[in-house]
Amino acid sequence: MNAALAARVRQLQAEAEHRRAIREFRARRAADEQARIGALLNELIAALADVVDDGACITCISCRRALSPRRRSCPHCGTVVAAERARRAA
Ligand SMILES: [Zn+2]
């Protein structure tokens, strides 16, 4: 192998190494982005769950089961829930 060819081989190896490093960097950055998006989604889900719990869930005064606030009476025991809803709203 003459000197010029050896130099060319080293150059190509350096280029391949450089490209490999770029690929690794991009993969790491994509993974970081995925992790950030995942964390944001978890935060969002938790925040939405809080809102839903606050706004859409009341407890039957008689049987203590969770009810939709749209219900006028408990589907489990039949207790009218208007009074309980008023108490929760106060
Ligand atoms: Zn009930």
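Helices (H or I, at least four residues) and strands (E, at least two) are DSSP runs numbered from the N terminus. This is a predicted model, in which local features need pLDDT of at least 70, side-chain atom pairs count only at pLDDT 80 or more, and totals for chains, interfaces and linings use all residues. Residues are numbered from 1 along each chain as its sequence is written.

Stay with the whole chain for burial. A residue is buried if 20 or more other C-beta atoms, placed from the backbone, lie within 10 Å of its own, exposed if 12 or fewer, and partly exposed in between. Of the 90 residues in the chain, 6% are buried.

Next, select arginine 64, in the loop between strand E1 (58-59) and strand E2 (66-67). Arginine 64 counts as exposed because it has 10 C-beta neighbours inside 10 Å. Check the backbone here: arginine 64 is not a glycine, yet its phi is positive, about 65°. Most residues other than glycine have a negative phi.

Now move to valine 81, in the loop between E2 and helix H2 (82-89). Valine 81 has 20 C-beta neighbours inside 10 Å, so it counts as buried.

Finally, display the contacts of valine 81 (C-beta atoms, placed from the backbone, within 7 Å). Leaving aside neighbours within four places in sequence, valine 81 contacts Ile58, Cys60, Leu67, Arg71, Arg72, Ser73 and Cys74.

Methods: Contact = placed C-beta atoms within 7 Å.
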